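Take a look at the model first, then read on.

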Amino acid sequence: MKLYTKTGDKGSTALCDGNRVDKFDERVEAYGATDELGAFTALLGDKMRDDERLKEFAGDIERISSDLMYVEALLAAGAAEVPQLPDDSIRRLEERIDSMQAALPQLQHFTLPGGCEAVSLCHVCRTVCRRAERAAVRAAARYDIRAEACTYLNRLSDYFYVLGRACGAALGVEERVWRP
């Protein structure tokens, strides 16, 4: 099978159900942003596996990478039946957020991204996730998209924020505080 089909050369693409839509369709924007998030998430996972102090988070990233493929399918489904996001995916994120947050000092100020590469990558993932969520919400306003796709992305951006804090703590990096 050839990788290229030439069917999108004029600015359209097919959803999972075979219906062709413009490449600027809200659903395409949403699953495209989610795909980008998946690539950045993989990069973050690679960074974590390279550092013993961050390996405890690498399993989360593997599961999130898989969940993001489910979210992409939900956003690209059209009328097609696609695999559903596992029922416990959102709950797992909430549990991990709560667990990491319990081990961190309580926030007193807004924090700034950065301090080290891993923390910065967490914030890149967080901001790309927020963009994917906005695109998914726009798509859901026009099309029948399962609510858990948007809910998962919303929770995931919170996860990436707390993960950035947890990575900084694991690496001994001082949190960058915004002081207006």
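H2 and H3 cross in a left-handed way (left-handed means the near helix is turned anticlockwise from the far one by less than a right angle, right-handed means clockwise). This is a predicted model, where local features need pLDDT of at least 70, side-chain atom pairs count only at pLDDT 80 or more, and totals for chains, interfaces and linings use all residues. Residues are numbered from 1 along each chain as its sequence is written, and side-chain values use heavy atoms, with hydrogens and water left out.

**H2 against H3**
- Helix H2 covers residues 55-76 and helix H3 residues 89-102; helices here are DSSP runs (H or I, at least four residues), strands too (E, at least two), numbered from the N terminus.
- The two pack at an angle of about 155°, with axes 12 Å apart (axes are lines fitted to C-alpha atoms, for helices over the stretch in contact, and angles run from 0 to 180 degrees between N-to-C directions).
- H2 and H3 are therefore roughly antiparallel (over 145 degrees; under 35 is roughly parallel, 65 to 115 roughly perpendicular and the rest oblique).
- On the H2 side, the contact is made by Glu56, Phe57, Asp60, Arg63, Ile64 and Asp67, and on the H3 side by Ser89, Arg92, Leu93, Arg96 and Met100 (contact means heavy atoms within 4.5 Å).
- That contact splits into four nonpolar, one polar and six charged residues (Ala, Val, Leu, Ile, Met, Phe, Trp, Tyr, Cys and Pro are nonpolar; Asp, Glu, Lys and Arg charged; the others, Gly among them, polar).

**H3 against H5**
- H3 and H5 pack at about 20°, axes 9 Å apart, so they are roughly parallel.
- This crossing is left-handed.
- Residues that meet here include Leu93 and Ile97 in H3 and Tyr152 and Leu156 in H5.
- The tally for this contact is ten nonpolar, three polar and five charged.

**Cavity**
- The whole structure has one cavity of 30 Å³ or more (on a 1 Å grid over the protein atoms alone, points where a 1.4 Å probe fits but cannot get out; lining residues have an atom within 4 Å of a point).
- The largest cavity has a volume of about 90 Å³ (the space filled by probe spheres set on the points, which are joined across faces, edges and corners).
- Of its 13 lining residues, Gly114, Val119, Gly164, Arg165 and Glu175 are closest to the centre.
- H5 gives the most to that lining, with four residues.

**Pocket**
- The largest pocket has a volume of about 180 Å³ (a pocket is an open set with protein on both sides within 12 Å along at least five of seven lines).
- The lining of the largest pocket divides into six nonpolar, two polar and three charged residues.
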